[in-house]
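Could you walk me through this structure in my viewer, one selection at a time? I am new to it and would like to know what to click on next and what I will find there.

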Amino acid sequence: MPYRVHCMVCAGTGCVSNRSLEVRDALENEIRKRGLQDEIQIVTTGCNGFCAVGPLMVVQPDGIFYQQVSAKDVPLLVEEHFIKGRPVQKLLYKPPEAAAPIPKMSDIPFFKHQRLIALRNRGLIDPEKIEDYIARDGYQALVKALTEMTPEQIIEVITKSGLRGRGGAGFPTGVKWQKVRQAKGEPKYIICNGDEGDPGAFMDRSIFESDPHSVIEGMLIGARAIGARYGVVYIRNEYPLALERIQIAIQQAREYGLLGENILDSGLDFDISVTRGAGAFVCGEETALIASVEGRLGDPRARPPYPAEYGLWGKPTCINNVETWANVPPIILHGWEWYSQIGTERSKGTKVFSLVGKVRNTGLVEVPMGITLRQLIYDIGGGIPGDKKFKAVQTGGPSGGCIPAGMMDQPIEYIAPDGKREARDYLDLPIDYESLTDVGSMMGSGGLVVMDEDTCMVDVARYFLAFTQDESCGACTPCREGTKLMLDILNRIVDGHGTMDDLRALEEIAWVVKQTSLCGLGKTAPNPVLTTLKYFRDEYLAHIEAHKCPAHVCRALNTYRIDPVICVERGHGCGVCRRECPEKAIFGEKNQPHRIDQTLCKKCGVCVEVCHFNAVIVE
Amino acid sequence: MISLTINGTRTEVREGTTILQAARFLEIPIPTLCYHPWLKPFGACRICTVQVQRPRGYELVTACNTPCEEGMVIQTDTDHVRQARRVVVELMMARWPNVPIVQKLAAEVGLEKPRFISEMRDEAPDACILCLRCVRICEEVVGACAIGYEDRGIKRKVVTPFHEESEACVACGACAHVCPTGHMKFEPEDYRGKPPEFLLGPNTAIHVMTPQAVPKVPRIDRESCIHFKTNGCQKCVEVCEAKAVNHEMTDQELEIEVGQILVATGYDLFDASVMAQYGYGRLDNIYTALDIERMLNATGPTGGQIRLKNGQPPRAVGIIHCVGSRDENYHRYCSRVCCMYALKFAHLIKERCPEAEVYNFYIDMRAFGKGYEEFYSRVLHEGVNVIRGKVAEVVQAGWSKQEEGTLLIRCEDTLIGKLREIPVDMVILCNAIEPRRDAERVARLFGLSRSPDGFFLERHPKLDPVATSSDGLFVAGCAQGPKDIPDTVAQASAAAARMLATIAKGVVEMDPVRAEINEEYCSGCRVCNALCPYEAIEYLEDKNVSRVNSALCKGCGTCVAACPAGAITGYGFSDLQLHAELEGLLAVR
Amino acid sequence: MNQQQRFEPRIVGFLCNWCSYTGADLAGVSRMKSAPNLRTIRVMCSGRVDPTLVLRAFQLGADGVLVAGCHPGDCHYQEGNYKAMRRVLLLKRVLREFGIDERRLRLEWISASEGEKFARVANEFTEQVRALGPLQLEEAPAAVAEPQLEEVRA
């Protein structure tokens with residue numbers, strides 16, 4: 001008997017940590033208590049993407065979206081919705097500016113503008129059930145690739161579809177497959193790069209968690225196309241749920257005869273093993289990843305030779321990102337014409353972004369290439385919370401650059417692929433590989449960090465550089481020594497000891513590190529510095545010349561002062577700041593204005609945090 | 001072939017050539033640091049950066065590992081390249097300001113002083129600059145993988161696993177050889193267990209055994225060769241243009257059919273360290289005669305100069321005769337050659353270090369050959385001291401500063417009847433000539449006899465001193481007994497002449513001592529067939545008798561003694577003859 | 001013969017050509033003193049020593065018989081000395097049956113370089129046999145005592 005209602009409870013990492021599993025258990029109990037177990041099915045799904053409002057739940061077939069559901073809401077929910085058929089108003093999503101809540105998921109702006117290809121099954125299937133995947137046309141593309149297409153035809157379709165590597169560099173996938181296919185050496189290997197190291201990016205994890213079979217199917221099609229015998233899924237050990245789900249999926253695929261020898265009686269032999277990474281950022285670099293799989297220290301090596309010729313165990317190896325593999329089955333199933341309609345001239349299809357930072361709707365979104373930053377941040381992301389001003393957006397993780405909003409209305413020159421120069425607005429910048437590179441940033445794995453006016457760009461550059469400097473493997477001189485010296489300079493600037501000579505040296509070293517480093521890590525590590533220097537030079541100058549941090553982030557440059565009027569009139573000289581000050585730098589009596597002795601103040605900022613009356617002023 | 005342009009010069013190179021190789025061919029200088037011709041290009045130091053024209057501008061690549069492509073346009077001296085190189089060197093200077101190779105690179109790129117000081121600054125002139133040549137040669141060439149590195153980024157360090165002495169290390173010294181700063185050091189003596197002051201033996205894996213070796217070709221010492229330890233290296237194969245190096249070669253067993261054999265297997269030297277009282281291998285500056293021969297050799301380690309361990313010429317040298325010879329505890333025989341070579345040493349030391357006092361400690365001075373006695377008196381006239389008496393012991397002279405390193409020889413001077421202590425700073429031990437250590441095996445192999453001292457026994461000490469008891473087998477040289485060169489030449493010539501005489505004759509005479517079976521008496525019992533060690537007796541099925549093949553029979557008579565029918569006669573030693581002999585022998589009371 | 005005079009035994013020695021005979025030669029060359037009681041017969045190999053030869057020697061009045069060959073492993077004919085050893089062991093049992101003290105038969109390994117050993121063995125054995133006294137065999141029938149021997153010709 002078919003179920004009347006399907007209740008999809010999100011079990012992605014974000015919602016699980018918000019106790020969505022408790023909600024699921026409560027639902028199951030409640031439904032059993034009321035004898036509805038034959039009418040209502042509870043499905044635990046992978047990440048829905050709208051992590052900001054978790055734990056969340058979608059009730060099908062109506063597509064009613066519930067947010068921030070807790071276990072104690074469950075009896076009401078079952079009573080009202082499942083029995084009486086009335087959606088529970090207080091659990092529906094309500095945009096801040098709108099008066100009425102939006103009950104249907106497809107009407108919510110966050111979802112409305114998305115186009116799901118890689119994440120096509122998110123929130124719809126139980127990722128631990130291969131039957132669910134197959135019911136959603138899963139492994140159809142594999143059957144098509146095995147029975148109706150030659151390897152050459154598969155490669156042709158992928159090439160014509162315009163699919164490019166989703167790991168960041170955007171190398172055309174079909175060309176890579178062709179190279180590996182033609183390379184000499186047996187056996188050939190396929191690697192799925194799931195070493196998602198960018199802080200704040202979690203699209204790979206989400207795909208593993210919500211739809212692991214799509215990756216396996218993509219790898220199987222790739223194996224058929226390039227003639228590979230073995231596959232490796234490289235996944236961070238910090239993703240326990242993703243690891244568990246991909247392992248379950250591989251096991252299920254083996255049981256169904258979709259992995260192993262003579263798959264579907266086609267003569268294709270292919271099997272996948274899982275390698276867990278220890279979490280070094282540089283292991284996302286393909287040669288370092290291969291070294292890590294081989295059991296060596298995860299150091300990149302100089303290319304050429306490329307892994308397509310000399311990869312895992314010295315054999316031709318095709319290494320693609322998780323998202324790339326997940327994109328393969330729909331392309332095969334629906335054809336390259338369908339896929340190449342989506343996106344821009346040179347960047348086809350969709351891209352998954354993790355939208356984080358100072359934006360209302362944080363979460364994972366999949367949007368067509370060519371969408372503008374404005375659409376992404378305002379339409380999907382819901383804009384900046386509070387009444388703060390949008391300042392910049394950082395794309396591509398720690399290796400990317402900062403694109404300013406301050407130049408929103410000031411067009412810049414954009415060199416189109418055909419060489420034509422045209423004026424563009426940054427915020428209206430259509431996102432694709434080339435446009436981001438042209439403004440000094442990069443697509444990267446798809447991290448998008450939105451920053452508001454409270455963000456100090458020098459501090460942002462320092463933060464990202466500290467990350468890449470710490471993650472540098474240390475093999476080549478510029479990256480090892482250069483990032484460290486750059487970080488030293490930035491630390492000096494942030495501490496107020498920077499000089500103009502430092503700034504010049506910083507620019508020169510950054511240029512050399514970018515130009516001469518051995519691997520992608522070093523070549524992109526200076527991007528945050530170079531872009532902030534380009535677009536926010538005034539902030540650097542403020543730090544160096546005026547010894548001020550315009551965003552009041554760099555504490556060493558701040559001056560803390562207590563407004564005597566507020567202190568007395570509103571706070572009656574409460575003395576919290578005096579008691580909490582670790583340096584005993586604040587003096588004053590009850591009902592008297594307090595004051596900070598600037599010679600003793602170490603600028604820790606504790607007084608700002610403890611004052612209930614906002615009497616401490618930062619300048 | 002690929003054509004490309006470097007600095008405006010068009011050139012053609014073979015496929016797979018790197019930019020660095022192409023540039024060096026054109027004599028265009030490109031500085032390198034981590035690059036080493038023995039190693040795979042690593043591209044880590046980034047000093048060899050050059051500029052390549054690309055459709056969308058330019059790209060900076062490392063010359064050492066980038067292969068040439070068709071139509072490539074390469075610039076090695078643009079502003080970008082100069083700036084990149086200068087900053088890269090500056091980054092190194094900031095960390096290792098005193099390393100000579102970094103300073104040299106700084107001079108090349110025109111950098112005087114770095115603008116920064118690294119937190120990790122290391123002022124040692126032999127600091128590790130993380131070129132990882134050592135790690136790479138250990139893995140790629142040697143194959144031992146004994147060195148690695150730990151940590152990442154700025155904290156990266158070259159270490160052995162767990163900072164322990166690496167068990168995988170084969171002590172080849174390749175890491176120290178390729179280290180550009182001298183950070184890696186190698187002390188080869190430690191592991192070879194040889195006295196460090198004096199590596200008189202060969203100390204590389206490929207060497208000509210001795211300077212006078214015949215044939216004068218190098219050989220590979222399996223003990224030291226890296227290839228035989230790790231299966232790696234084989235650099236010698238790469239560099240040998242004649243393709244003459246072959247690691248697969250092994251000892252071969254050849255079977256050569258010959259009619260006569262001359263056993264001239266030579267001798268071994270008495271191990272002087274057995275006589276602990278003389279301090280060989282325990283105290284410094286004590287050498288055996290062979291060590292000194294090597295030192296006196298013009299192609300030897302000191303170029304023929306007599307030197308102490310500290311490099312100074314000796315002030316006094318003691319030469320001790322009869323070490324292991326004429327000694328109840330070791331060898332009772334006289335080694336025959338020591339007195340004369342000891343006098344030769346005395347003469348040569350006087351010649352090369354005229355200031356040095358030379359003392360000879362002898363039991364009897366045996367200057368018996370032609371011209372020998374004259375040489376003895378000449379050496380005496382040169383001022384060499386001779387002391388008759390066996391040395392009791394050699395000891396360290398003392399521990400005071402001025403006595404440091406000197407030795408004291410204690411002996412009895414039997415001519416004046418006094419105990420003497422003589423200070424010297426070098427001692428030469430004339431160790432005995434011994435039979436080869438494998439003489440027993442050789443004797444078994446050839447059926448040779450050995451005299452009580454272990455040397456091979458000749459057929460007759462007076463009447464037949466070159467032949468042995470086996471026909472066609474001769475001995476010569478020290479294999480037969482200690483002798484000097486003229487005696488050896490004489491004996492060897494005699495043996496050769498004897499052998500040639502047999503060859504010249506064309507036929508071999510055999511002893512008539514043979515066995516023969518009387519077929520009338522033979523019952524065909526076949527007792528004799530099984531006894532014959534030479535399988536010289538065959539059984540004739542048709543006649544039901546056995547027959548001796550007289551070409552195979554050696555006449556031992558075993559079958560004669562065993563034949564139950566008395567059908568076998570041993571010519572020369574027949575029953576009749578032996579009985580008659582017995583009767584004659586016992587006829588007289 | 002003076003009764004007071006010391007008993008001088010007559011001993012027959014069968015010496016192998018390659019080792020013991022050469023060793024005896026070396027003893028002579030080396031001017032070593034050995035008992036003149038030992039009278040030697042050269043055979044090519046100790047393996048040639050037919051037991052009948054030993055018995056014949058005792059019959060003819062020998063007081064002792066020495067068989068000497070190469071050291072084990074050193075035989076010029078590879079293994080003749082082993083055969084001699086086997087035969088001597090058996091022969092000793094036969095001698096016992098005959099009432100001859102088996103100590104009158106002795107087997108020794110003397111190499112070509114052991115002149116000194118030859119001299120020592122000769123002296124020792126002579127003293128041993130002297131201590132045993134003269135061998136007194138019963139008078140045998142003449143026909144048996146004088147076997148008809150003729151050269152067997154092939």
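**First stop: chain A**

Start by selecting chain A: of its 619 residues, 54% count as buried. Keep in mind along the way that this is a predicted model. Colour chain A by secondary structure, and you will find 25 helices and 20 strands. Now turn to its contacts between residues at least 6 apart in sequence: 70% of them join residues at least 24 apart.

**Second stop: a pair of helices in chain A**

Next, select residues 500–516 of chain A, which form helix α19, together with residues 527–535 of chain A, which form helix α21. Two packed helices are described by the angle between their axes and the distance between the axes. Here the angle is about 135° and the axes lie 9 Å apart. An angle over 145° would count as roughly antiparallel, so α19(A) and α21(A) are oblique to each other. As for handedness, α19(A) passes α21(A) in a left-handed crossing.

Which residues make the contact between α19(A) and α21(A)? Show side chains for these:

- from α19(A): Leu506(A), Glu507(A), Ala510(A) and Lys514(A)
- from α21(A): Val529(A), Leu530(A) and Leu533(A)

Sorted by class, this contact has 5 nonpolar residues and 2 charged ones, with no polar residues.

Chain C has 5 helices and 4 strands. Among contacts in chain C between residues at least 6 apart in sequence, 80% join residues at least 24 apart.

**Last stop: confidence in chain B**

Finally, colour chain B by pLDDT. The mean for chain B is 88, and 95% of its residues reach 70 or more. Then select residues 189–202 of chain B, where the pLDDT is below 50. Beyond near neighbours in sequence, this stretch of chain B has 12 contacts in the model. Where pLDDT is low, the predicted coordinates should not be read in detail.

How values were computed. Residues are numbered from 1 along each chain as its sequence is written. Chains are lettered from A and ligands numbered from 1 in the order in which they are written. pLDDT is the predictor's confidence in each residue, from 0 to 100. Two residues are in contact if their C-beta atoms, placed from the backbone, lie within 7 Å. Helices (H or I, at least four residues) and strands (E, at least two) are DSSP runs, numbered from the N terminus. A residue is buried if 20 or more other C-beta atoms lie within 10 Å of its own, exposed if 12 or fewer, and partly exposed in between; C-beta atoms are placed from the backbone. Axes are lines fitted to C-alpha atoms, for helices over the stretch in contact, and angles run from 0 to 180 degrees between N-to-C directions. Angles under 35 degrees count as roughly parallel, over 145 as roughly antiparallel, 65 to 115 as roughly perpendicular and the rest as oblique. A crossing is left-handed if the near helix is turned anticlockwise from the far one by less than a right angle, and right-handed if clockwise. Ala, Val, Leu, Ile, Met, Phe, Trp, Tyr, Cys and Pro count as nonpolar, Asp, Glu, Lys and Arg as charged, and the others, Gly among them, as polar.
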